[in-house]
Amino acid sequence: MGSQQRNLQPYQYSLLREHKLKVEELQKIRRVVHAPWFKKRLTPDEQVLAYKQYNLIQDLVKVLDARIEIFRRENPKPDK
């Protein structure tokens, strides 16, 4: 598995790192938004902004997913 590697451009490696960080951020905010204390501790305005942040990060992850899929299609893993 590790011996087969794509020839990626430096910006593509950066994109993969950014994607990983955004997925981690999305998971953190998802835990907050779905926590049982969320509606009890946060004001309605804070709740709206937290959901907005969650949705924006989720959209960004989807865009990054699409970009990664494009360069993976254009540069498939070499055959054995």
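**Figure 1. Q47 is in contact with F38, K39 and L42, its neighbours within four places in sequence being left aside.** Contact here means heavy atoms within 4.5 Å. The model is a predicted one, in which local features need pLDDT of at least 70, side-chain atom pairs count only at pLDDT 80 or more, and totals for chains, interfaces and linings use all residues. Residues are numbered from 1 along each chain as its sequence is written, and side-chain values rest on heavy atoms, with hydrogens and water left out. Q47 belongs to helix α3; helices (H or I, at least four residues) and strands (E, at least two) are DSSP runs, numbered from the N terminus. With a relative accessibility of 12%, Q47 counts as buried. The term buried stands for under 20% relative accessible area, exposed for over 50%, and partly exposed for values in between (1.4 Å probe, protein chains only).

**Figure 2. The protein chain comprises 3 helices and 0 strands.** From the N terminus on, its elements follow the order α-α-α. Of the 80 residues in the protein chain, 22% are buried. Among contacts with a separation of 6 or more, 75% involve residues 24 or more positions apart. The accessible surface of the chain comes to about 6,500 Å², and carbon and sulfur atoms account for 54% of this area. Accessible areas come from the Shrake-Rupley method with a 1.4 Å probe; for residues, only the protein chains shown count as cover.

**Figure 3. Helix α1 spans residues 10-33, and its end C-alpha atoms are 35 Å apart.** The expected span of a helix is 1.5 Å times one less than its number of residues. Q12, L15, H19, L26, I29 and V33 are buried in α1. The buried residues of this helix pack against α2 and α3. Q12, which lies in helix α1, is buried at a relative accessible area of 6%. Apart from neighbours within four places in sequence, Q12 is in contact with N7 and F71.

**Figure 4. The largest nonpolar core consists of 8 residues: L26, I29, V33, F38, A50, Y54, I57 and V61.** Helices α1 and α3 are the elements that give two or more residues to this core. Its largest share, 4 residues, comes from α3. A second, separate core has 5 residues, including L8, L15, L64 and F71. A nonpolar core is a set of buried Ala, Val, Leu, Ile, Met, Phe, Trp, Tyr and Cys residues joined through side-chain atoms within 4.5 Å. In soluble globular proteins, nonpolar side chains tend to be buried together. I57 is in contact with K22, E25 and L26, when neighbours within four places in sequence are left aside. The C-alpha atom of L26 is separated by 9.0 Å from that of N55, a residue 29 positions away along the chain. N55 is part of helix α3 and counts as partly exposed at 39% relative accessibility.

**Figure 5. The structure contains 1 aromatic pair.** The ring centres of F38 and Y51 are 5.4 Å apart and the planes stand at 75°, so the pair is edge-to-face. F38 is in helix α2 (residues 38-41) and Y51 in helix α3 (residues 44-74), so the pair ties together parts that are 13 residues apart in sequence. Rings of Phe, Tyr and Trp (its six-membered ring) pair if their centres lie within 6.5 Å; planes under 30 degrees apart count as stacked, over 60 as edge-to-face and the rest as tilted. F38 is buried, at a relative accessible area of 1%, whereas Y51 is partly exposed, at 32%.

**Figure 6. The structure holds 2 salt bridges.** A salt bridge is a side-chain nitrogen of Lys or Arg within 4 Å of a carboxyl oxygen of Asp or Glu. One of them joins the side chains of E25 and K22, with an N to O distance of 3.2 Å. These residues, E25 and K22, are 3 residues apart in helix α1 and thus separated by about one helical turn. E25 is partly exposed, with a relative accessible area of 29%, and K22 is partly exposed, with 22%. Another salt bridge links E69 to R73, whose closest N and O atoms are 3.6 Å apart. Both E69 and R73 lie in helix α3, 4 residues apart, which is about one turn of the helix. E69 is partly exposed, with a relative accessible area of 41%, whereas R73 counts as exposed at 58% relative accessibility.
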